Amino acid sequence: MTNFIIRRLIQTVIVIALLSYFCFYLMTLMPGDPVDLMIQSNPRITSEDVARLRNLYGLDQPTYVRYWNWMSGILQGDLGYSRTYRIPVSDIMGPKLVNTFVLSFASLALALIIAIPLGVWSALRAGTKTDYVIGFFAFSGVSMPSFWLGLILIIAFAVWIPWFPAGGTETIGVDHGSWWSIVTDRAYYLVLPTVTLAYISIGRFLRFTRSAMLEAMRNDYIRTARAKGLSRVVVIWQHGFRNALLSLITMVTLSFSGVFSGATITETVFAYQGVGKLVYDSIIANDFNVAMISFMISVSMVLIFNLIADIMYSFADPRISLS
Amino acid sequence: MKLLKVLVLGLFVTASVNAPAAVSNDELKIGITQEFENLNPLIMTMSATTYIYSMVGRSLVTLSPDGKWITQLAKEIPTIENKKASFSPDKKHIVATWEILDNAKWSDGKPVVCADFDFALTVAASPNVSVGEKETYTQVKKISWDEKTPKSCTFTYEKAKWDFNQLAQFRPLPKHLEQAVWDKYKNQKEGYEKNSIYNKAPSTPGLYNGPYKISEVKLGSHVTLVPNEHFYGPAPKIKKIIVKLIPNTGTLEANLRSGTIDMVSSLGFSFDQAVAFEKKIKSESLGYNAQFKPSITYEHIDLNLENPILKDVKVRKALVYAINRDELIKALFDGKQQVAIHNVSPIDPWYTNDPKKITLYPYSKREAGRLLDEAGWKLNNADGLRYKDGKKLSLQFMTTAGNKTRETVQTFLQGQWKSVGVEVNIKNEPARVFFADTTKKREYGGMAMYAWVSSPENSPRSVLHSSNIPSEKNGWSGQNNMAYVNKKVDEIIEKIDTEFDSKKRTALAQEILKYYTDEVPVIPLYYRSDVAVTPTALKGFRLPGHQFAETNEIENWSLQK
């Protein structure tokens, strides 16, 4: 197991290094650079200004030199400087990354808590009215655009019935007396975006659980378990669900890897201070350093959660060996 | 069912309690949709940052919403006439005396002095600092003062230019705080700006000299401001201002109605959103005012003068005659924007609509047809289009994809040009491609629609001088994206810079307008209106209509029932 993990980690580092250069190169091919944006906002910028700024930012260097400068900084722990916000990348990205993780994990947890029991229930009652109602609920979530659902929730629960704030991450300018007050305040702002994100994912998880359970419950070992006189709960959860779990692990771990970038639209609609919108804006604004760090985190998340999935398979099904 | 009843009841009870517009001076939450950066006045480039900075920082002078230059930190604007400014003996430079207000202080109580302006100049002139438009600062060659009178500054200017005293963007830096950072990092590329106190600790006392000071900044989220007790002017009435970023314009209205924000700044609603919201204000008797003010933002169509069809001035003139801009403004903008007849807005002293001075193009399909006939483009009755030597009169029309207003304008104009036999093919691109490559490298087939933001009495050098045609040689800088060349216009532009007589200067500017309207390198469309939505209780708010934000007067704002 240890050898497997070390081997995979080394592979991960190599893949990240190769992909980072590829991505850096692609970004340099995009039209425009940060200086072009400055020209747009100030037509009085002269050609001397343009040449000076390109030199100062190193934009007049060949791609490989720029990449090397950037990578050297990363290896020394310097994530670079955001040309958009004019502050170090770590300063702008750190808090936003935390916010995104909180939102994404909360919505993922809510989605799983609702989707798995409903998926199992739906599979056990396949073809009944209950199954159809749950199916309708699932498909409505899958097919609903998140920006539309977000707007509906804002109008319903922030404008018509002002139970929740229309947007933001926390109450501004309030001195919270205790950590509990901070937690409840943040939770208050999390409700609508979490529900939006969760509702979109529930359908996917629910349908996946349902089909995996249907498949598992048709197997001979289920009939054997029932013939042995095991209780219905044990048959469903220990024999049926455990076997359905393998495909669910793949689905959920891949979803974990996407939490970093999957909330862009929801964050924008709710003015939630997450990293999704930051990533989008950085690409649009040619803010290379922010975009590249975002990319590195995304790739790392995908590779690391794939590794976690592989490890979890062996726990879910002892027949799978990692050696 | 019981739950449903509770929900319905809840809806009825609460639907009528939409958060009312703010009516107390305790707090005002302003919504903006554009991102802002760190508030170092030398480094900032974004409009939203300037908007916020105008609440906390002041310059020597600024442009008022009436379009007049007024003092801020300065006691008086030096001019040649009032003898506070004079030419150097060789007439190449100007020497001006700027007196700083005796009570002008930084937010830690330290006085604003000449040394702060001199320090800003030193920092801005460094090759290691990424100031955007360096000439804003380096137009001043030297700042000197007597130690006994640290608020009486002598500015020696690099060149003798008439607008030497329009130093609205020459902002001082608090030397007593930033000098240490500068000394430590001045030799590192971008070292100063990365380590500036504005960056590391933006709420440090002493960084600001305006009516407010920063109490909290969260980039990408909000800025909280509280009154600066050391402000030289009248104490601001509103006790706390929160500027909140709502990145999605679609949710601005919901945020306003739910009380998350109290007003939408000029950096918020798009024009059509504001028009729609104004109708709701009237029909639902909401406690807001939708404010519109014609601005100097000039929406226009650049004509690619390297296009063989558009090289013919008759075709260019015909294109202008063929469009009914009054109808466009009425149909698409409820008459709330102003038709443009050239690149100078009616709020600019250089403006003229005198037909003796410029060429006007009233809507006339007949005149358009006549000019096209003269140019050899004959109408083919079979398809209603014009042809010359077997070639169809067809032009490409580009703008920024996804901009609903511009795309609607395109469709409107396309129809009008078709009615005189001109085929127009629309091809739009994302803004970053459109502005980065297409307009600069003149890769647009015929016409490119976008806007210029400028200021009154702004030299047209960057957009009309032939030296500003973007090319590989000049690193694709300059904004003469039409490739317009007129030696006479170049000469007048050079003359304007050094013409100190305002009447003569206006005459020169209008001479350029004559060429501009005669030769039609650009089709003028309309001057955009600035829009904002404010609570009816907010008094003292004025939209400026130019690049200096409405927050320059924030100390006059108050919320009264």
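Me: How do you know where domain 1 and domain 2 of chain A lie?
Reply: Domain 1 of chain A covers 2-88 and domain 2 covers 89-316, with bounds that come from an automatic or database domain assignment. This is a predicted model, in which local features need pLDDT of at least 70, side-chain atom pairs count only at pLDDT 80 or more, and totals for chains, interfaces and linings use all residues. Residues are numbered from 1 along each chain as its sequence is written, while chains are lettered from A and ligands numbered from 1 in the order in which they are written. The C-alpha centres of the two domains of chain A lie 32 Å apart.

Me: How many residues make the contact between domain 1 and domain 2 of chain A?
Reply: Two residues are in contact if their C-beta atoms, placed from the backbone, lie within 7 Å. By that test, 24 residues of domain 1 of chain A are in contact with 22 residues of domain 2 of chain A. On the domain 1 side, helix 1 (2-29) and helix 2 of chain A each supply at least two residues. Helix 1 of chain A has the largest share, nine residues.

Me: What makes a stretch a helix or a strand, and how many does chain B have?
Reply: Helices (H or I, at least four residues) and strands (E, at least two) are DSSP runs, numbered from the N terminus. Chain B has 17 helices and 22 strands.

Me: Which strands of chain B are called edge strands, and why?
Reply: Let's start with their sheet, which is open, has four strands in the order 4-5-7-6 (chain B) and is antiparallel in its pairing. Strand 4 (85-87) and strand 6 (140-146) of chain B each pair on one side only, and they are the edge strands. Two strands pair if DSSP finds at least two bridges between them. Strand 6 of chain B and strand 7 (residues 149-157) of chain B pair over six bridges, so they pass that test. Within this region, B:Asp146 stands opposite B:Thr149 in strand 7 of chain B. Helix 3 (residues 114-125) of chain B packs on the sheet, touching strand 6 and strand 7 of chain B, and its direction makes about 155 degrees with that of strand 6 of chain B. For this angle, axes are lines fitted to C-alpha atoms, for helices over the stretch in contact, and angles run from 0 to 180 degrees between N-to-C directions.

Me: Why does the radius of gyration of chain B agree with a compact globule?
Reply: A compact globule with 561 residues would have a radius of gyration near 24 Å, and chain B has 26 Å, which agrees. The rule is 2.2 Å times the number of residues to the power 0.38, with the radius taken over C-alpha atoms. Along the principal axes, the C-alpha atoms of chain B fill a box of roughly 90 × 80 × 45 Å.

Me: What makes a residue of chain B count as buried, and what percentage do?
Reply: A residue is buried if 20 or more other C-beta atoms lie within 10 Å of its own, exposed if 12 or fewer, and partly exposed in between, with C-beta atoms placed from the backbone. Of the 561 residues of chain B, 49% count as buried.

Me: Which helix of chain A gives the most to the side that touches chain B?
Reply: The contact takes 50 residues from chain A and 59 residues from chain B. Helix 3 of chain A gives the most to the chain A side, with seven residues.
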